[in-house]
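Trainee: I would like to learn how to read a model like this one, feature by feature. Could we take the general idea each time and then turn to the case at hand?

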Amino acid sequence: MEGPYIAPLPPRQVVDLLRERFPGALEDVAEFRGEITVVIAKDALLDVARFLRDDPGTAFDMLSVVTGTHYLERDHDYEVLYHLYSLPRNHRLRLKVRLNEGETVPSVVSIWPGANWPEREVYDLVGVRFSGHPDLRRIIMPEDYPDHPLRKDFDVEGGPRDARPRGRVASPGFRDMESV
């Protein structure tokens with residue numbers, strides 16, 4: 001058969017392997033539309049990630065995306081998702097870590113160096129701090145900007161109320177579109 005082979009089933013055996021290898025580290029497992037998301041304890045993140053990369057049976061050698069989400073009315077304030085891909089096995093897996101305000105998550109840059117800028121972006125836009133990151137600073141917003149624009153408590157009109165300039169805004173918000 002020529003071309004890439006796409007496995008018809010998600011890698012459920014990886015979940016069983018993680019449960020066996022890291023008892024107590026898996027907090028939840030969800031499967032939706034053929035994709036598996038594993039919620040793990042933040043303290044186990046580096047061990048689980050290193051295992052998933054190095055074990056020949058899993059071989060998740062590529063971190064394709066790191067995303068962060070802020071929530072207002074849940075048991076946790078943040079979720080950080082790591083989208084993994086195994087080139088040799090053609091499998092995809094998502095790892096999810098849940099955090100509360102003031103907590104940090106370990107950086108995975110030592111495992112997947114490509115996580116450097118995505119972790120910085122999550123810090124800049126959502127406010128999640130990554131412990132052990134080699135250069136955790138803003139990449140989009142100014143260094144002295146007081147807020148994180150992708151947080152759910154961010155003012156949709158452009159930021160914190162006390163930082164808004166006086167007078168007419170340069171770019172009208174959705175409420176000002178009728179007057180334009």
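**Reading the backbone, the helices and the burial**

Mentor: Let us begin with a loop, the one between β4 and β5 (91-99), which is where Asn90 lies; helices (H or I, at least four residues) and strands (E, at least two) are DSSP runs, numbered from the N terminus. This is a predicted model, in which local features need pLDDT of at least 70 and side-chain atom pairs count only at pLDDT 80 or more, while totals for chains, interfaces and linings use all residues. Residues are numbered from 1 along each chain as its sequence is written, and side-chain values use heavy atoms, with hydrogens and water left out.

Trainee: What is the phi of Asn90?

Mentor: The general idea is that most residues other than glycine have a negative phi, and most peptide bonds are trans. In this structure Asn90, a residue other than glycine, has a positive phi near 55 degrees. Ala59, which is not a glycine either, has a positive phi of about 50 degrees, and it lies in the loop between α2 and β3. A glycine with a positive phi, near 100 degrees, is Gly127, which follows α3.

Trainee: Is Ala59 buried or exposed?

Mentor: Buried means under 20% relative accessible area, exposed means over 50%, and partly exposed is in between (1.4 Å probe, protein chains only). Ala59 has a relative accessibility of 12%, and therefore counts as buried. For the protein as a whole, 41% of its 180 residues count as buried.

Trainee: How many helices and strands does the protein have, and what pattern do they follow along the sequence?

Mentor: The secondary structure comes to three helices and seven strands, and, read along the sequence, the pattern is α-β-β-α-β-β-β-β-α-β.

Trainee: At what angle do the axes of α1 and α2 cross?

Mentor: Two packed helices are described by the angle between their axes and the distance between the axes. Axes are lines fitted to C-alpha atoms, for helices over the stretch in contact, and angles run from 0 to 180 degrees between N-to-C directions. Here the axes of α1 (residues 12-21) and α2 (residues 45-54) come within 12 Å and cross at roughly 130 degrees. Angles under 35 degrees count as roughly parallel, over 145 as roughly antiparallel, 65 to 115 as roughly perpendicular and the rest as oblique, and α1 and α2 are therefore oblique to each other. The contact (heavy atoms within 4.5 Å) is made by Val14, Leu17, Leu18 and Arg21 of α1 together with Val48, Phe51 and Leu52 of α2.

Trainee: Which residues of helix α3 are buried, and what do they pack against?

Mentor: In α3 (residues 116-126) the buried residues are Glu119, Arg120, Val122, Tyr123, Asp124, Leu125 and Val126, and they pack against β3 (62-70), β4 (78-86) and β7. On the strand side we can look at Val66, which lies in β3 and, at 6% relative accessibility, counts as buried. Leaving out residues up to four places away in sequence, Val66 touches Val80, Leu81, Tyr82, Pro118, Glu119 and Val122.

Trainee: Where does His133 lie, and which residues is it in contact with beyond its neighbours in sequence?

Mentor: His133 lies in the segment after β7 (129-131), and with a relative accessible area of 11% His133 is buried. Leaving aside neighbours within four places in sequence, His133 is in contact with Ser107, Val109, Asn116, Glu119 and Arg120. A polar atom of the side chain of His133 lies 3.3 Å from the backbone nitrogen of Leu136.

Trainee: Is Leu136 buried or partly exposed?

Mentor: Leu136, which is also found in the segment after β7, counts as partly exposed at 26% relative accessibility. Not counting residues up to four places away in sequence, Leu136 touches Glu119, Arg120, Tyr123, Arg129 and Phe130. The C-alpha atoms of Leu136 and Glu121 are 9.3 Å apart, although 15 residues separate them along the chain.

Note on methods: Polar contact = N/O pair within 3.5 Å; in protein donor to acceptor, adjacent residues only side chain to side chain.
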